[in-house]
Amino acid sequence: MKPDTHLIHTGRPAPRDHECVNVPVYRASTILHADLAALEAASKGFETLRYGRFGTPTTFAFEEAVATIEGGWRSIAMSSGLAAITGTLLALLKTGDHLLMVDTVYGPTRKFCDEILAKFGIETTYYSPALSRDIEPFFRPNTRLVYAESPGSMTFEVQDIPAIASVAHAHGALVVLDNTWGVLNFQPFRHGVDVSLQACTKYIVGHADAMLGAITTTEQHWRGLKDAICTQGNSPGSEELFLGLRGVRTLAVRLRQHTASALRVAEWLSSRPEVDRVLYPALPSDPGHGLWKRDFTGACGLFGVILKPASRPGLEVMLNHYDHFKLGFSWGGFESLVVPTMGHAIVRTAESWAPKGPSLRYHVGLEDPEDLISDLEAGFQRLASS
């Protein structure tokens, strides 16, 4: 089946749900068993109903759908994207291990490495996203894991995941990827990734109304990760899982619209005199375009913009009075958003990041792109008159 068709039918065990189109919301903690033998059998694994924290039919349907999207063996539903990240790192690393972390990683992931993993005696080295096979000198005998995020958070550098995975596996290390931007358009396991993470809060939920995450992995690593996550006690809510399943059905068509509109807006921004650079791999002018075109089947609505030098008051009047681009964190919903990304939002230790002008992150929603362009043009007019 083509992806659009597959997304409609995956995670839909309809016969046991009285032929309902959607899997019902199972609100459950206790699961009853017919006899002692059945209870004991359920307690030995994760494939059957056992207890609400280990999963319900709603959980299993969502996990099946995400595994389909990612092309992995199985998925593990989590309460947020950050929970998927931290749960995976805690499950795969131990005291004395060394972690290679991409320097462009999502800020809270960096904070977790520097403040939490460090307390457990796990050392993190940050590497440039530009490294490919030349990442090899960074490996140590105790390097257990290479973490990638492609494109990079806030600055959108595309990584050469197959090359990095080849080196990592030669050193006996696993590769973990934050695939939230790629979502449906990057197949991690075809490119050598061992564990793929998504903040399903973004495009999978798609409506800015639920916190949800997922870990997807190979058959080799699924059971160990599942056991560790259950031991950590992470369990998403049934309503959130239902909303995630709802979002799966329209994911492909929404992503196409987000991408088409984002390309239109990004191309327009690239032509503006106020703009120094647009950070969007789908643009042919972007340094990562070649890798993106080689490895991805599409893009999404999220990109960065570096303005030419501008005053703080001018920036405020530009951002504060947009009609459509609202100030707000997260992305992937139907609404257009903008946040400034300078200062504390971008931390680099492997290499410097110091644009001369303000940097911004835009998410292009499902509004008409011409309306969004008019909104941006009015903002530039306010900036010029400030």
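In which helix is the place of Arg382? Arg382 sits in helix α12, residues 369–385. The model shown in these views is predicted; local features need pLDDT of at least 70, side-chain atom pairs count only at pLDDT 80 or more, and totals for chains, interfaces and linings use all residues. Residues are numbered from 1 along each chain as its sequence is written, and side-chain values use heavy atoms, with hydrogens and water left out.

**View 1. The whole chain.**
The chain has 12 helices and 12 strands; helices (H or I, at least four residues) and strands (E, at least two) are DSSP runs, numbered from the N terminus. Its C-alpha trace spans about 75 × 50 × 35 Å along the principal axes. For 386 residues, a compact globule would have a radius of gyration near 21 Å, and the 22 Å of the chain agrees with that. This radius is taken over C-alpha atoms, and the globule rule is 2.2 Å times the number of residues to the power 0.38. Of the 386 residues, 55% are buried, where buried means under 20% relative accessible area, exposed over 50%, and partly exposed in between (1.4 Å probe, protein chains only). Contacts (heavy atoms within 4.5 Å) between residues at least 6 apart in sequence join residues at least 24 apart in 73% of cases.

Arg382 is buried yet has no salt bridge, a salt bridge being a side-chain nitrogen of Lys or Arg within 4 Å of a carboxyl oxygen of Asp or Glu. The nearest side chain of opposite charge is that of Asp375, 5.3 Å away; Lys and Arg count as positive and Asp and Glu as negative, while His and the chain ends are not counted. Apart from neighbours within four places in sequence, Arg382 is in contact with Val317, Met318, His321 and Tyr322.

**View 2. The buried side of helix α5.**
In helix α5 (residues 107–115), the buried residues are Thr109, Arg110, Phe112 and Cys113. They lie on the same side of α5 because they cover an arc of only 160 degrees around the axis. The arc is that of the directions from the helix axis to the C-beta atoms. Elements that cover these residues include α4 (81–92), β2 (98–102), β3 (123–127) and β4 (143–149).

Arg294 forms a salt bridge with Asp160, and the closest N and O atoms are 2.9 Å apart. This pair links distant parts of the chain, 134 residues apart: Arg294 is in helix α10 (residues 289–295), and Asp160 is in the loop between β4 and α6 (161–170). Arg294 also forms a salt bridge with Asp295, with closest N and O atoms 2.7 Å apart. Arg294 is partly exposed, at 47% relative accessible area. Asp160 is buried at 15%, and Asp295 is buried at 8%.

The side chains of Arg312 and Glu316 meet in a salt bridge of 2.7 Å, N to O. The two residues are four apart in helix α11 (residues 312–320), so about one helical turn separates them. Glu316 is partly exposed, with a relative accessible area of 35%, whereas Arg312 is exposed, with 56%. Elsewhere, salt bridges that share partners join Lys94, Asp97 and Arg144 into one network. The count of salt bridges comes to 14.
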